[in-house]
Amino acid sequence: MAAAADRNNQRRWKNYLLNKRYQLRFTLFMAGLSAVLMGLLGWWVHTQAQRATRIAEINVTGGEGVRCDDPGMGDYYVSPPMPGGDDEAGADEDLALGGFADDDLGVDLGEDEAGLGDWDDEDGEPLDWEDDEGAGESRDAPAVELGEVTEQIDQDQRDGRGAAGGPTPAEAQRFFECRMEQATELAALMAPIYRGERTITVAMIAVGIVLVIGIALYGIVMTHRVAGPLYKISLYLNKLKEGRYGPVYNLRKGDHLVEFYEHFKRAHEGLRSMQEEDLARLREAVEAADREGLAERSPELAEAIEAMRALAKEKEESLG
Amino acid sequence: MADAKPAASGRARRRLSNYLLDKPLQLRYVLVITALSAVIAGGFGYLIWLQEQRASEAVLEVFEAPELSAYPKDVIEAQLSSQDTGLAGTMLGAGVGLAVVLSLYVLLMTHKVAGPLYKVSRYFDAMSRGVLGRVTPLRRGDMLTDFYDTFQSAHGEVRERFRRDNEVIGRFLLACDDVGDDVRGALEDTVASLRAHKDKRDRDLA
């Protein structure tokens with residue numbers, strides 16, 4: 001057999017799917033598996049991150065250092081602006097806290113054990129960002145400017161409609177400033193938590209997408225390095241099927257299944273040897289028959305010699 | 001490729017000990033997939049742990065306030081620390097479990113590729129010795145069926161061709177036998193050698 005010469009074809013993108021069935025099956029399996037795993041992992045990560053954020057949120061809003069004495073704002077709702085806005089605070093809605101409770105969140109804060117259950121304001125109610133009457137409404141309540149509130153208080157007092165012991169404009173101003181301070185403190189405490197939660201979510205989505213695409217590409221490239229040699233061997237097998245025993249070339253650099261390919265090369269060499277051995281025997285017999293003039297002895301012998309001659313020629317051609 | 005006895009009865013059964021048929025091929029996939037999943041799971045685990053720690057720190061910061069000095073901060077700190085450690089343990093367990101399950105699954109998948117390759121390589125070895133016996137089908141669930149079909153078809157065709165070639169030689173030997181002793185005498189060595197060659201080939205093709 002001729003020595004396996006180097007005839008390395010270059011890899012091309014359009015040729016990467018040589019064995020679609022095997023390659024796509026393997027790649028889709030890997031990409032699908034990673035997508036499912038990422039989905040499950042992501043869901044778990046998100047749940048954990050949310051849980052951690054909520055725990056911090058509840059504890060922080062229940063125990064902030066700044067305390068604001070309500071001067072009896074009653075119906076005069078003051079909406080403190082959120083310092084830093086959405087980007088800084090992380091979530092404006094979450095800052096307008098409307099009575100988060102264990103039951104709402106499904107989280108056991110262990111308040112009794114930790115002694116956290118007594119974080120009440122003077123009225124014995126859990127601290128909220130809203131007035132007592134306005135509890136739970138802040139999310140939907142329209143933002144009211146301080147100026148509008150103090151104007152309203154002034155007007156009511158002038159009209160004699162103000163409640164006895166109601167807030168003065170100065171008290172409303174102080175209450176508003178205190179709530180501002182509370183919001184600033186809360187934003188400072190919660191900002192890293194919100195950022196962390198957002199980072200996890202963004203990282204999860206980004207890594208998920210990169211992972212699925214990466215694994216799909218890696219799968220195609222890796223399986224191509226398996227499918228490539230198989231494709232090459234299939235071509236040689238088809239040649240063998242047609243009775244062509246020409247030379248076998250080496251694999252490309254980076255191809256897998258090198259050992260398997262060596263097995264094939266030895267098999268090919270074995271078949272070639274069989275052909276060569278047959279050819280030698282046939283030639284020897286035909287030459288001897290011609291030398292002895294055997295074809296003239298009987299028509300069957302003449303026919304057999306011609307058949308052997310044709311076969312020898314065929315074998316010679318098949319060896320390339 | 002591992003050394004195992006050829007499938008005498010055609011279809012061989014899968015055995016746990018034979019699952020690593022092509023170590024370089026299979027272990028390469030297993031290692032890459034496992035390392036990838038370990039890195040990803042580890043990265044996310046770290047992010048979760050960081051978030052949990054930040055939350056714990058935020059809670060503890062609240063207790064720095066003078067009016068809350070009466071609360072048992074050390075007890076709360078210990079509880080939060082225990083929760084953080086528990087979470088890290090759970091994540092580690094989940095990560096290791098994920099890596100093990102993935103490794104086993106990839107091993108199983110690659111075995112279904114390595115199995116047919118192993119089988120074909122054994123036929124190739126036989127062909128290199130000039131033996132062209134019968135080819136048996138793959139096991140159920142094996143991959144590379146298209147490639148195996150191509151191999152089986154080529155093997156069958158080559159085998160059939162050598163058998164036909166041997167028939168041509170056989171007809172010549174028969175004709176020589178028919179013409180008499182003088183012919184046999186003149187070509188005695190050649191005929192004997194050709195007959196021995198044909199007989200060997202017949203055995204190899206059986």
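Predicted model: local features only at pLDDT ≥ 70, side-chain atom pairs only at ≥ 80, totals over all residues.
Colleague: How many helices does chain A have?
Modeller: From the N terminus on, the elements of chain A run α-α-α-α-α-α-α-α-α. Chain A has 0 strands, and its count of helices is 9.

Colleague: Of the contacts in chain A between residues at least 6 apart in sequence, what percentage join residues at least 24 apart?
Modeller: Chain A has 320 residues, and buried residues make up 43% of them. Among its contacts between residues at least 6 apart in sequence, the share that joins residues at least 24 apart is 80%.

Colleague: How many residues of chain A are in contact with chain B?
Modeller: The area buried between chain B and chain A is about 7,300 Å², and carbon and sulfur atoms give 74% of that area. On the side of chain B, 76 residues take part in the contact; on the side of chain A, the number is 90.

Colleague: Which three residues supply more of the area that chain B buries against chain A than any other three?
Modeller: The contact involves 76 residues of chain B. Three of them supply 9% of the area that chain B buries against chain A, and these are Tyr29(B), Phe44(B) and Gln51(B).

Colleague: By class, how many residues on the side of chain B that touches chain A are nonpolar?
Modeller: Across the interface of chain B and chain A there are 8 residue pairs in polar contact. Helices of chain B that each supply at least two residues to this side include α1 (23-62), α2 (73-128) and α3 (145-179). By class, this side has 14 charged residues and 12 polar ones, while the nonpolar count is 50.

Colleague: Which element gives the largest share of the largest nonpolar core?
Modeller: This core has 84 residues, and Phe124(B) and Phe172(B) touch the most other members. Elements of both chains give two or more residues to this core, among them α7 (169-241) and α8 (258-292) of chain A and α1 and α3 of chain B. The largest share is 13 residues, and the element that gives it is α2(B).

Colleague: Is Val30(B) buried or exposed?
Modeller: Val30(B) is in helix α1 of chain B. Val30(B) and Ser103(B) are 73 residues apart in sequence, yet 5.4 Å apart in space, C-alpha to C-alpha. Not counting residues up to four places away in sequence, Val30(B) touches Ser103(B), Val106(B) and Leu107(B). Its relative accessibility is 11%, and the cut-off is under 20%, so Val30(B) counts as buried.

Colleague: Which residue of chain A meets Asp165(B) in a salt bridge?
Modeller: Across the interface of chain B and chain A there are 2 salt bridges. In one of these, the side chain of Asp165(B) takes part at 2.5 Å, N to O, and the residue of chain A is Lys315(A).

Colleague: Why does the pair of Asp165(B) and Lys315(A) join two chains?
Modeller: The structure holds 15 salt bridges over all chains. The pair joins two chains because Asp165(B) lies in helix α3 of chain B and Lys315(A) in helix α9 of chain A. Asp165(B) counts as buried at 5% relative accessibility, and Lys315(A) is buried at 2%.

Colleague: Which residues are linked with Asp278(A) in a network of salt bridges?
Modeller: Asp278(A) lies in helix α8 of chain A and is buried, with a relative accessible area of 2%. Not counting residues up to four places away in sequence, Asp278(A) touches Phe162(B) and His197(B), among others. The residues linked with Asp278(A) in the network are Lys315(A), Asp165(B) and Arg201(B).

Notes. Residues numbered from 1 in each chain as written. Chains lettered and ligands numbered in written order. Heavy atoms only, no water. Contact = heavy atoms within 4.5 Å. Buried area = accessible area lost by both parts, 1.4 Å probe. Salt bridge = Lys/Arg side-chain N within 4 Å of Asp/Glu carboxyl O. Polar contact = N/O pair within 3.5 Å; in protein donor to acceptor, adjacent residues only side chain to side chain. Helix = DSSP H or I, 4+ residues; strand = E, 2+ residues; numbered from the N terminus. Nonpolar A, V, L, I, M, F, W, Y, C, P; charged D, E, K, R; others polar. Core = buried A, V, L, I, M, F, W, Y, C linked by side-chain atoms within 4.5 Å. Buried < 20%, exposed > 50% of the residue type's maximum accessible area, 1.4 Å probe, protein only.
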